[in-house]
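Visitor: I would like to learn how to read a protein structure, one feature at a time. Could you walk me through this one?

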Amino acid sequence: MIHFKKNIKKVFWLYALMFSALVGYLLKFLIIDSSTVIINTYNPRLTALEKNIHRGEIRDRNGEVLARTVVNGEDLIREYPKGRDFSHVVGFVQKGKTGVEAYSNFMLLEVSDRLLQRVNQLFSGDKLRGNNVILTLDADIQHRARELLKGRKGAIVVMEPSTGKILAMVSNPDFNPNEISQNWAQLNKDEENSPLINRATQGLYPPGSIYKIITAASAIENFEDWQNFHYQCNGEAVFDNNLIRCYNSNAHGEVDLEKAIYLSCNTAFAQLGTELGGEKMQSISERLLFNRDLPYELEYSKSRFDLTKSSEEKEIVETTMGQGKTLVSPLHMAMITSAVANGGILMKPYIIDHVETNYGREKNKQIPEKYGELFSPETANQLTDMMVRVVNEGTGSQAKIANVSVAGKTGTAQNASGEDHAWFIGFAPAEKPKVVVSVIIENGGSGGRVAGPIARELMNMVINQ
Amino acid sequence: MFKESIIDILILASRYAFVLFIFIFLWSGYRAVFFEKEKDIGEFTDKIYGQRTMIILTHVLGFVILMMTSKDAEQIKEIMKLSAFGLLFIILFMIFTSLIYKKSDPIIWNSMLFLMVVGLIMLERIDHNLAQKQIIWFLAGSFLMILIPLVFKIIPRFEAFKYVYLIIGWIFIISPFILGKERYGAYNWIYIGDFAFQPSEIVKFLFIFYLASALRVYDSLKDLILPTLMAGGYVLVLVLQRDLGGALIFFLTFLIMVYVRTSSSLLFFAGLGGASLASMLAYKLFSHVRVRVQAWLNPWREIDTKGYQITQSLFAIGTWGWLGSGLTAGYPKHIPVVESDFIFSAICEEFGNLFSIGIILIFLFIILRGTMITLNCNRIFYSLLGMGAISLIAIQTFLIIGGVIKLIPLTGVTLPFVSYGGSSVVVSIMIMGILQWIQSFNETREEVAE
């Protein structure tokens with residue numbers, strides 16, 4: 001009988017354990033998983049809520065309204081006071097949801113202080129209001145960036161490297177989110193300009209010479225005596241029956257690694273490629289998130305990199321100087337650049353800073369989060385020095401700012417669609433970076449001459465803010 | 001407009017009230033156990049009445065909200081009638097249980113009532129006809145339960161009838177093969193006219209009686225052979241009828257009872273191991289088992305087919321957070337089979353998750369008090385019987401709540417006392433009747449002996 005009672009107690013504890021598992025799992029679901037689960041489009045509650053809830057506002061970091069809902073008789077109409085400035089990143093709600101409107105859908109429909117709002121409503125007659133979403137974007141920088149892009153196809157990303165905050169993100173051609181319904185058919189048909197695509201995150205481009213900082217990083221990591229690397233540049237050279245030319249076939253003479261970077265010497269990087277080989281390039285590129293998911297929550301395309309252990313020399317030399325089959329998005333290049341600026345550490349890029357209830361209470365504050373170390377601090381420092389020389393002595397001279405040291409890298413990427421794409425990535429001030437900029441101008445020609453001044457203007461603007 | 005806003009405000013405010021009621025209910029239960037240990041009868045009774053007040057307040061508030069939100073006058077009258085009927089049931093239940101079951105455990109009765117009341121409110125909110133039928137099941141179950149002590153008085157040594165339980169059990173369990181029709185992909189229902197019921201529910205009852213009488217005498221492993229074969233047979237039949245939940249409940253209850261009797265953890269784990277092997281075999285053999293497991297592993301991949309039920313359940317649980325949408329303000333009708341298998345998700349949605357955690361704790365309270373009853377027994381037969389009764393309820397509750405929150409794969413069983421369903425409600429109430437009868441029998445016999 002004694003054993004018997006002991007056994008009964010044991011069984012009770014087993015049941016208690018099972019029921020604790022129920023409570024524990026339910027808590028885990030509610031606290032951790034539910035926020036991502038319920039935004040699913042199969043959740044019928046969201047559609048039902050939309051009809052009855054005054055969708056919250058989307059604001060920039062200074063409180064400027066980027067999207068709001070206005071009442072027009074019985075209808076609720078979504079308005080975008082900044083028009084085309086934020087067309088891609090904030091998105092729209094009328095024809096399926098995109099951008100922040102899609103990602104923050106539940107936050108914008110979630111009603112806080114329901115009881116209090118209901119009581120107020122008795123006197124005001126308003127509908128219940130969803131929470132407001134406050135972004136890290138800055139309307140002034142965004143506006144300026146869009147002006148600088150005007151008339152050209154391309155994209156710009158401006159980031160704060162120490163936190164991962166995205167300050168501006170523009171893509172052109174764009175659209176007017178206030179007239180999306182009227183223009184829908186036409187916007188969808190326009191395959192030549194594809195205005196609905198956010199080129200900053202979904203556009204994939206050959207990197208051209210901006211990829212050289214990755215080759216350089218691999219050389220610094222793999223060759224102890226990289227500082228003794230020398231190459232005699234004659235403006236062109238043959239690798240594996242394949243002629244490689246420098247820009248305009250300029251002969252750079254004797255170059256070391258630093259000089260090869262700031263003069264953007266293709267033949268020297270082709271030579272480095274043959275010495276490094278496909279496997280090492282694959283390893284560093286994948287560490288830098290090529291062929292991988294990016295830590296970014298809105299829509300984007302994965303960057304591509306094609307070298308492996310068994311790649312042929314022809315492919316390797318083209319890839320290490322930035323051509324080949326590599327494709328990268330402007331956001332991804334901004335992330336790699338901000339890791340260099342931040343001593344090798346990549347902070348997760350983010351756009352949604354926090355949620356604010358209608359009574360001004362702050363919720364769900366996004367704390368800057370470290371993603372990981374992309375480069376060692378030493379490598380990051382070496383790359384920074386080289387990039388400063390790009391601006392001071394090399395191809396990036398158009399990005400110079402008086403009394404501020406700027407780090408940068410130009411790229412002029414050959415492509416199938418005609419004239420070269422112009423790239424510029426950079427950050428400033430080099431010793432204590434406050435801003436990272438990544439610019440691409442499709443078929444713009446020389447990266448230094450076309451993309452450089454745009455980056456300069458934006459970096460200057462952020463530093464002086 | 002103004003009236004509607006006031007109603008909305010009341011609904012929102014009621015969410016706090018419901019959480020408060022269930023909290024006070026649980027707290028009073030906890031204090032009652034404490035005062036019982038201290039042998040402070042006055043305080044103990046006080047707490048029991050505190051619990052009863054919470055049951056009535058929950059019932060009244062729930063039905064007031066349902067009446068307020070109802071639009072047409074005819075319907076309001078109907079709801080009012082049902083509510084009054086429900087209140088009468090609650091009070092009669094309280095009176096008769098303490099009259100007929102002398103010295104039984106009032107905390108268990110209260111816990112059952114609380115669960116039944118919450119289930120009734122939810123059913124009325126989902127479908128008035130179901131709520132109407134449910135209250136008849138409550139009455140039928142309670143009536144049969146009241147008969148238990150009377151019947152047992154007439155038949156004194158009912159541990160002697162093990163073969164009777166066995167034979168009747170087998171007749172019931174194979175009856176769907178002859179009289180059955182498919183329902184929700186399972187073949188475990190039989191129909192007599194318009195009246196449908198699940199024989200496996202009734203067999204539960206016979207099953208624990210059989211096991212308790214068969215295991216009463218245990219000298220060696222040889223004594224386990226016949227019970228094992230019989231239990232295995234039931235489980236196999238239920239698997240063939242595609243009642244996976246039922247099969248699991250029977251099998252685990254059997255394992256627990258054998259463990260309690262033999263003290264052999266080796267047997268227990270060997271049993272679990274055997275069950276795992278059998279599950280893998282079932283996974284290979286039966287497509288409906290595979291569907292359940294795949295829907296559990298990744299419901300998002302096939303969200304509009306295999307994963308539909310569970311994802312809709314998760315949306316309901318997750319959308320409104322701790323306090324819920326407020327009664328009538330959610331969308332529980334979008335969840336498939338919400339009135340039976342998924343009623344817990346609907347409670348999470350409209351009463352909120354603080355409340356739903358409270359519901360889980362009430363079940364745990366029943367298990368705790370049930371365990372205390374079996375510990376209090378001096379005869380192995382009663383103790384085993386009590387253990388069987390608790391196990392049936394505990395395992396079934398775990399399976400269905402675990403299923404709808406996606407802790408484990410879904411096995412379609414009902415939530416005892418809460419879900420809609422004649423056989424489920426009647427049998428769950430009667431299982432509790434057995435447990436209480438054991439308590440009542442123990443306490444009153446001791447008194448005579450003194």
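Visitor: Let me start with strands. How many bridges join strand 14 of chain A to strand 15 of chain A, and do they run parallel or antiparallel?

Guide: Keep in mind that this is a predicted model. To read strand pairing, look at the bridges and at the direction of each strand. Here strand 14 of chain A and strand 15 (residues 362–363) of chain A run antiparallel and are joined by two bridges. As a landmark, find A:Val355, which stands opposite A:Lys363 in strand 15 of chain A.

Visitor: What lies between strand 14 and strand 15 of chain A?

Guide: Five residues lie between them, and the two strands form a hairpin. In the turn, look for A:Gly360, whose phi is positive, about 85°.

Visitor: Which strand pairs with strand 14 of chain A over four bridges?

Guide: That partner is strand 6 (residues 132–135) of chain A, again in the antiparallel sense. There A:Ile134 stands opposite A:His354 of strand 14.

Visitor: Is strand 14 of chain A mostly covered or mostly open?

Guide: For this, go through the strand residue by residue. Strand 14 spans residues 352–356 of chain A, and four of its five residues are buried, leaving it mostly covered. Across chain A as a whole, 56% of the 465 residues count as buried.

Visitor: How many helices and strands does chain A have?

Guide: Chain A has 16 helices and 19 strands. Its C-alpha atoms fill a box of roughly 85 × 75 × 45 Å along the principal axes. Sequence separation is also worth a look: among contacts in chain A between residues at least 6 apart in sequence, 67% join residues at least 24 apart.

Visitor: Which residues form a salt bridge across the two chains?

Guide: B:Glu349 and A:Arg45 do, with their closest N and O atoms 2.6 Å apart.

Notes. Residues numbered from 1 in each chain as written. Chains lettered and ligands numbered in written order. Predicted model: local features only at pLDDT ≥ 70, side-chain atom pairs only at ≥ 80, totals over all residues. Heavy atoms only, no water. Salt bridge = Lys/Arg side-chain N within 4 Å of Asp/Glu carboxyl O. Buried < 20%, exposed > 50% of the residue type's maximum accessible area, 1.4 Å probe, protein only. Pairing = 2+ DSSP bridges. Contact = heavy atoms within 4.5 Å.
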